[in-house]
Amino acid sequence: MKARRNKKQVPSFRKLLKTSKVKLENKLKNKQFKQQSNLKKYRKEQRKLRQAVKDAVSKKPIPLEDPKKKRPGKRIEREEEEEEEALPLDMMDEDDLQLMKDLGQRASFLTRDLSSSEPVHAKKRKHENIIDKYEKIPRSLQTAPEKELIHLLPIKDKSGIIPQTREKPVLDTNQDEEDQEEMELEEEIIEDPIRELTIEEHLIERKKKLQEKKLHIAALASAILSDPENNVKKLKELRSMLMEQDPDVAVTVRKLVVISLMELFKDITPSYKIRPLTEAEKSTKIRKETQKLREFEEGLVSQYKFYLENLEQMVKDWKQRKLKKSNVVSLKAYKGLAEVAVKSLCELLVALPHFNFHNNIIVLIVPLMNDLSKSISEMCCEAVKKLFKQDKLGQASLGVIKVISGFVKGRNYDVRPEMLKTFLCLRIKEVEVKKDTEDINKPKKFMTFKEKRKNLSRMQRKWKKAEEKLERELREAEASESTEKKLKLNTEEGPEVPSPASSSRRSCQVRAVFAHLINVEFFDDLLVVLHSLIESGDLSYQESLHCVQTAFHILSGQGDVLNIDPMKFYTHLYKTLFKLHAGATNEGVEIVLQCLDVMLTKRRKQVSQQRALAFIKRLCTLGLHVLPNSSIGILATNRILMHTFPKTDLLLDNESQGSGVFLPELDEPEYCNAQNTALWELHALRRHFHPIVRRLAAHLIAGAPLEGSEALKPELSRRSAIELFEAYSMAAMTFNPPVETSSSKRKDKVLQGDSFLNEDLNQLTKRLCNEVDTQLPLDFTKYLKTSLR
């Protein structure tokens, strides 16, 4: 007979993860409780059985002559029932009454087996010898315990059915007592209440648990890193710890597991995209090494997918703010878990742009760039910027741009400005503006044999052959993408960037980066639109600076061929420079430095000397009332302008040049007569508390030399003004360079009392004090009356 197969399948690991951990624990507790109750019931029955045997062995006959002795309650009730069933004495025959009295004087009456005899008070039958019948009843001694029988299957023969029994083995009483004591001890242990821990004990217990979890995570991560192909299954075990249910360490353990898995995937992920196998490839026989590699890749992709789903679920839980049934993680902890999940997604977005599910990460990150939480929004925007900067091929950047463009249009351009500022980091240098460019940039073709024979000599053909062979080898060895593919990707990225018409205020800065990709025919109209936006007064100061920056970016490329004088934009920047100060507008200094680089340095041929002098003078004045990093950036810009326009060194001389007086309040840089002033602000900045500001001011006073004692060190001279502005920023509330500590070991003497005074003055003071007559009455009332009059 075959064993019946259990049809109930063991649940898979994935199903167990979906099942609530508390539900599984409750099932296990119910099962254990059921087993314990069955065990208790069995032990209780055995204890009762042993007690009954023990009572039967030790029972002694109770004499009837002592009716006053108390009997147990149960026996009293049983005797009362028997007396109610018995007949009263006046209804019994005299013979029966005499027999009962005689039997009561015998001990055998109490020791006989009552279960095998008839009732004592049964009605007497006539013509029956009661004593003879009683003598036939078998008797049993109470000292020997009655043996228990086990009924077996009967045997049938010719005479009939013969019942079969077997004696039950007698248990050792000592062992029974030990079992009973153990059982009672267990019941006492179970019934004891759990002692509540104090706060200190609870913290120590939590620290111990957390240390154990950390060691377990470290062991799994170390095993995976040491041999990823053989230990890829440990990723599943490590990922299962994301469902940690211990409320003391659940949040911390989940954060640690998220960060650990992120670092593991960054290290063990290959540098290519893993594609799914076809049916033909699966059915083909392969070597063991190839099969092992395929299993590793399949396991890696599967666990990476599940990991991303877990991160997405953490973010959703925080967004929905719905408390789970398990109550393991509180609502306050949802944001912390979500921030760690978003940080991991940002790291994977930047580190693995070539791997699977990268587009899924982009879809998760882009909406979070516009999140109400500032920390999460900045984290996502910085990750996208970093991706744009390091993406050399453009494929990943194109995917991000398409998703951002769709999101911005779906929100009707009502998004955070930081979301559009990420486009400033795009690396779009060349695009296919017209189809005619294909004819200009045709790939180089090699000469045919007939052309060589016709146009070249024998020696020239030999050199040409060697040159063409070398070019072919270089093309084959080149690992970078072709120019045609890059141009195609850049051309696709351009239209996806939001246009100024759709979001004029926020996309000016973005369009400044891609101004060289705009058709020349629209330049004049764009400049008119930008100037009208500035004059409208609806823009903030920084937004107006973005418009100025965009206008000059447009004119710095293809706009050089146009005869357009952007004097209005020069005037606007010169007029609004003094709106910057050491307060809230200090952040606008960076945009001003970018505008000055485009307006003055790169357009040096279109800038007059009067305009350059006016800007240098106003920048030196501005450097007096801004933060140190802004002063450093402004002085570095003046240094570049003095090198670009050498004749501006006349501002270092006190003598006037030509007629007129300098008019600092005039808003027109061309007509303020800046040649008749001097840079006296540099002498004030030379005494600045910041050492770098002092160094740059002394350098400009000396004429900004490239060599000599007053020349700058390479770490200052080779960096741009914007780089210096960012390097010496005080946003982190730190000093760069740090403040030097006092190294003098000499202890100053503490002067006390008269030691502060000169010796002659001290003697004069003592003499005057001794001459004062303190015995005269001090009457101040006369002075009070005089003052009142």
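Author: A crossing is called right-handed if the near helix is turned clockwise from the far one by less than a right angle, and left-handed if anticlockwise. By that criterion, α8 passes α10 in a right-handed crossing.

Reader: What kind of model is this, and how are its residues numbered?

Author: The model is predicted; local features need pLDDT of at least 70 and side-chain atom pairs pLDDT 80 or more, whereas totals for chains, interfaces and linings use all residues. Numbering starts from 1 along each chain as its sequence is written, and side-chain values use heavy atoms, without hydrogens or water. The protein has 34 helices and two strands (DSSP runs numbered from the N terminus: H or I of at least four residues, and E of at least two).

Reader: Why is α8 called roughly parallel to α10?

Author: Helix α8 (residues 199–226) packs against helix α10 (residues 250–268) at an angle of about 10°, their axes being 11 Å apart. The limit for roughly parallel is under 35 degrees (over 145 is roughly antiparallel, 65 to 115 roughly perpendicular, the rest oblique), and α8 is therefore roughly parallel to α10.

Reader: Which residues of α8 and α10 meet?

Author: Among them are L210, I217 and L225 in α8, and V253, L256 and L264 in α10. Contact means heavy atoms within 4.5 Å. The residues of this contact comprise 10 nonpolar, two polar and four charged.

Reader: How many residues are in the largest nonpolar core, and what makes it a core?

Author: The largest nonpolar core has 72 residues. Its members are buried (under 20% relative accessible area, 1.4 Å probe, protein chains only) and are joined through side-chain atoms within 4.5 Å. L235, L261, I365, M369 and I404 have the most contacts inside this core. Helix α13 (residues 332–351) gives the most to the core, with 12 residues. Beyond its neighbours within four places in sequence, I365 is in contact with V342, L345, C346, L349, C380 and V384. Another core, of 67 residues, lies apart from the largest one and includes L533, V607, A612 and F615.

Reader: How many of the residues in the protein are buried?

Author: Buried residues make up 30% of the 789 residues.

Technical notes:
Axes are lines fitted to C-alpha atoms, for helices over the stretch in contact, and angles run from 0 to 180 degrees between N-to-C directions. Ala, Val, Leu, Ile, Met, Phe, Trp, Tyr, Cys and Pro count as nonpolar, Asp, Glu, Lys and Arg as charged, and the others, Gly among them, as polar. Buried means under 20% relative accessible area, exposed over 50%, partly exposed in between (1.4 Å probe, protein chains only).
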